[in-house]
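This briefing covers a helix pair, a sheet with the helices packed on it, and a pocket. Please keep the sequence and the model open while reading.

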Amino acid sequence: MEFRLIKAINDVVNNRQMDECTLNVVNKGIEEMRKSGVSYSGQIQLPVEMRDITVEKEGEDVVATEMFDLLEPLRAKNVLVNAGAKFLTNLVGDVQVPVMTGSNVYWEGETTTAKDGGASFDNVKLQPKRLTAFIDISKQFLVQDSVSAEAMLRADLVNAINSKLEETILGSENGTATKPEGIFYSDDELRSIATFKDICDLESDIEDANVIGDCVYIMSNKAKAALRNMPKSTKSTELVMQNGTIDGTKVFNTSNVENTNVAYGDFSQLAIGQWGAIDLVVDPYSLSTESKIRVVVSAFFDAKLLRDSAISVAKV
């Protein structure tokens with residue numbers, strides 16, 4: 001027995017009782033919400049854990065229902081995760097992520113007492129923050145019962161969540177109690193990249209901070225276009241960006257980065273937290289004159305850098 005999101009939405013729109021398969025999936029989502037400590041208000045809660053749910057009716061065999069897997073396609077699509085960000089899922093309450101700071105190593109005599117290395121542990125707190133987006137679906141589309149229509153609806157849901165998540169983390173706005181801080185937020189104007197030397201200076205900042213993880217670039221599509229047209233020097237025809245890399249360093253680009261912004265560093269030092277299920281409010285009224293259904297998506301995320309010096313930002 002397979003869970004169908006299209007059918008679940010249709011049940012809500014037409015005020016029909018959900019079948020046992022759908023109810024079991026939604027109840028699993030409610031269980032995840034309660035466990036995580038976040039609130040929900042929609043008619044449908046989609047669980048994100050990857051395991052089967054069983055449905056058992058009197059006189060019938062136990063049937064495994066296919067789980068609604070959102071996290072795997074979200075991981076696959078998210079440019080930050082592909083760049084190495086830590087993606088922490090199914091969190092419960094506020095989470096303290098430990099971070100080791102400061103460390104010194106000394107030469108000592110064979111029997112000399114070793115000095116305190118000076119290493120200390122701090123922590124970065126992740127707290128659930130409500131991400132909201134919406135998708136509009138025509139009533140004609142909702143009557144489809146094909147596998148391709150279901151796949152399209154699921155893809156739209158993942159795209160809505162991913163786009164908002166990337167746009168916020170890769171943005172330039174200050175963080176608040178309800179929204180993560182964008183990595184391009186700064187009280188000062190972003191440094192400018194006009195030559196290949198500026199690129200080298202950007203990379204040296206990360207090297208001076210003793211960042212030892214694999215470093216990559218994340219930039220806007222406009223920044224990528226500019227660097228693909230920027231010569232390394234006046235005496236060379238070689239361009240700053242070639243074959244998807246800058247001097248052999250991998251480049252990720254996305255429309256969710258603003259203007260010509262560029263970030264370089266070790267993105268494994270970025271933690272993205274996720275809580276609970278995906279909450280869906282099915283609204284059949286707001287767009288009724290257009291014969292559409294609006295589905296408002298709520299999910300709970302937070303994101304923070306574990307080490308501020310791990311990523312440097314600039315603009316082309």
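Which residues in H1 meet which residues in H6? Leu 5, Ile 6 and Ile 9 of H1 meet Ala 149, Glu 150, Leu 153 and Leu 157 of H6, where contact means heavy atoms within 4.5 Å. This is a predicted model, in which local features need pLDDT of at least 70 and side-chain atom pairs count only at pLDDT 80 or more, while totals for chains, interfaces and linings use all residues. Residues are numbered from 1 along each chain as its sequence is written, and side-chain values use heavy atoms, with hydrogens and water left out.

**Helix pair**
- Helix H1 (residues 5–13) packs against helix H6 (residues 147–169) at about 80°, the axes being 8 Å apart, and H1 is therefore roughly perpendicular to H6 (a term for angles of 65 to 115 degrees).
- The residues of this contact divide into six nonpolar, no polar and one charged, with Ala, Val, Leu, Ile, Met, Phe, Trp, Tyr, Cys and Pro counted as nonpolar, Asp, Glu, Lys and Arg as charged, and the others, Gly among them, as polar.

**Sheet**
- Seven strands form an open sheet with mixed pairing, in the order E8-E16-E13-E9-E12-E11-E10, where two strands pair if DSSP finds at least two bridges between them.
- Strands E8 (191–192) and E10 (241–242) stand at the edges with a single partner strand each, so one side of each is left without a neighbour in the sheet.
- Strand E9 (residues 216–219) pairs with strand E12 (residues 249–253) in the parallel sense over three bridges, and Asn 253 in E12 is the bridge partner of Met 219.
- Helix H8 (residues 221–228) packs on the sheet, touching E9, E10, E11, E12 and E13, and its direction makes about 115° with that of E9.

**Largest pocket**
- The lining of the largest pocket comprises 26 residues, of which Glu 181, Gly 182, Ile 183, Leu 305 and Asp 308 lie nearest its centre.
- E15 gives the most to this lining, with four residues.
- By class, the lining has eleven nonpolar, six polar and nine charged residues.

Definitions and conventions:
Axes fitted to C-alpha atoms, helices over the stretch in contact; angles between N-to-C directions. Helix = DSSP H or I, 4+ residues; strand = E, 2+ residues; numbered from the N terminus. Parallel < 35°, antiparallel > 145°, perpendicular 65-115°, else oblique. 1 Å grid on protein atoms, 1.4 Å probe; cavity = no way out; pocket = protein on both sides within 12 Å on 5 of 7 lines; lining within 4 Å.
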